[in-house]
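Dear colleague,

I am passing on the structure below, and I would be glad if you could look through it before reading my notes. The notes follow directly after it.

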Amino acid sequence: MPDARVKETERSPGVSAQQEECDAESLATLPLEQERGFAAWQRDIPQAYLGLGPTELDERIAAAKAKLGSRLVILGHHYQRDEIIKFADYRGDSLKLAQLAASRTEAQFIVFCGVHFMAESADILTSPEQVVILPNMAAGCSMADMANIDDVTDCWEQLLDVCGEAPVPVTYINSTADLKAFCGRNGGIVCTSSNASGVLDWAFGQGRQALFFPDQHLGRNTGLKKGIPLEQMPVWRRSMPLGGNEALRLAGARIVLWDGYCSVHQRFTVQQIEQARRRYSGIKVIVHPECRMEVVQAADLDGSTEFIARTITGSPAGSQWAVGTEVNLVHRLATENPDKLVFCLDPVVCPCSTMYRIHPAYLLWVLDGLLEGKVINRVQVDRETAVWAKVALDRMLSITK
Ligand code: SF4
């Protein structure tokens, strides 16, 4: 339901009514905050910020950023809206931003315009003196929420019983810090969509099967490229005994896949690809590996958001691209490559609604706080969890440098 605070005359160029609905949601009080226990962390944004128009927000964010100078760095994930990305000192996917936080910024304040698990990774990888801030604590990730420490520990222990040895836990970076710590403690590792293949090679190098969570599609698509048949990649369904599998099948598995998924990428279909090809002869289809197996197999190319951005930017003038990933990135690529045809495979896809919760009003609020000497919405992982999560993140970074 569009919010009256977002007036027709204030609609930014290229922002659809559908995006404005997400916009209104990002400014509203979110039940999710309570569901996920964020109520204690998220302070209420003062009402005064919610009535500001885009021009005033822009001017005040730019002024606050200038005053904070080198004490501040703003990181922007590719899926963030343009109104946020234009203030990002660095933009990238989760791997690039994690590497950047680990090695290339000495700023005192890191304002992470992304989702909660990314800010946690930045906190784990930066020095204790550096402060990581997520402008809106309700910016989570529905996929990350599909795996929790109790369910994963239970699965891991059942696999140990059935197979006689514990699997190597591999967590996609889209997961909470306690799951990364679980991997660190238990000989496991973190991966991203850029390095999942190399990470699985590392896991297999330990001589055991891998337990891959939370995204089944990234795990399956990566396993298939390695020639692993589907029969050796059973899906572990939460709340079912043995994840809904026969013990024999689990014992013969190379990768046990958690049943999580990304609600944004799971919307892309083979029919959309066929339609794009019918409409534009010679078009190339490029998708993210969080898409379903059939979609990835029907596409010409698949890879991380960095890969998608690099491939389209580097393609010759006149190229045509139908893209299966989050719509904010696709629209930006279209704008930045005016000599090419670039469009989203799903024309009605909503932006990632949790990424979209980083509204400029929240960015201004946390920057104003810093200017007043107040840290609002700090993301801080407890020391014990951070130490073990860093072990798993460092293993990943050491094989992807
Ligand atoms: S696009 Fe999907 S995986 Fe990425 S943050 Fe949004 S819900 Fe999570």
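Which residues of H16 are buried? They are Val327, Asn328, Leu329, Val330, His331, Arg332 and Leu333, where a residue is called buried if 20 or more other C-beta atoms, placed from the backbone, lie within 10 Å of its own, exposed if 12 or fewer do, and partly exposed in between. Please bear in mind that this is a predicted model, in which local features need pLDDT of at least 70 and side-chain atom pairs count only at pLDDT 80 or more, while totals for chains, interfaces and linings use all residues. Residues are numbered from 1 along each chain as its sequence is written. Helices (H or I, at least four residues) and strands (E, at least two) are DSSP runs, numbered from the N terminus.

To stay with helix H16 (residues 327-336), 7 of its 10 residues are buried, so the helix is largely enclosed by the rest of the structure. Among the elements that cover its buried residues are helix H5 (82-85), helix H15 (305-313), strand S12 (320-324) and strand S13 (341-344), contact being counted when the C-beta atoms of two residues, placed from the backbone, lie within 7 Å. H16 lies across S12 and S13, and runs at about 165° to S13; axes here are lines fitted to C-alpha atoms, for helices over the stretch in contact, and angles run from 0 to 180 degrees between N-to-C directions.

S12 and S13 belong to an open sheet of 4 strands in the order S11-S10-S12-S13, with parallel pairing, and two strands are taken to pair if DSSP finds at least two bridges between them. Strand S11 (301-302) and S13 stand at the edges with a single partner strand each, so one side of each has no neighbour in the sheet. Strand S10 (residues 284-287) is joined to S12 by 4 bridges, and isoleucine 286 has valine 323 in S12 as its bridge partner.

Elsewhere, strand S1 (residues 72-77) has 6 of its 6 residues buried. Leu72, Ile74 and Gly76 point one way from S1, and Val73, Leu75 and His77 point the other way. S1 pairs in the parallel sense with strand S3 (residues 109-113) over 5 bridges, and 3 bridges join S1 to strand S2 (residues 90-92), again in parallel. The bridge partner of leucine 75 in S3 is phenylalanine 112, whereas histidine 77 has glycine 92 as its partner in S2.

As for helix packing, helix H4 (residues 54-68) and helix H17 (residues 360-371) pack at an angle of about 35°, with their axes 9 Å apart. The residues of this contact divide into 11 nonpolar, no polar and 4 charged, with Ala, Val, Leu, Ile, Met, Phe, Trp, Tyr, Cys and Pro counted as nonpolar, Asp, Glu, Lys and Arg as charged, and the others, Gly among them, as polar.

Finally, there are some backbone details in loops. A cis peptide bond, with omega about -5°, joins phenylalanine 213 and proline 214, and proline 214 lies in the loop between strand S7 (210-213) and helix H11 (216-225). Asparagine 377, in the loop between H17 and helix H18 (383-400), has a positive phi near 60° and counts as buried, with 24 C-beta neighbours inside 10 Å.

With best wishes
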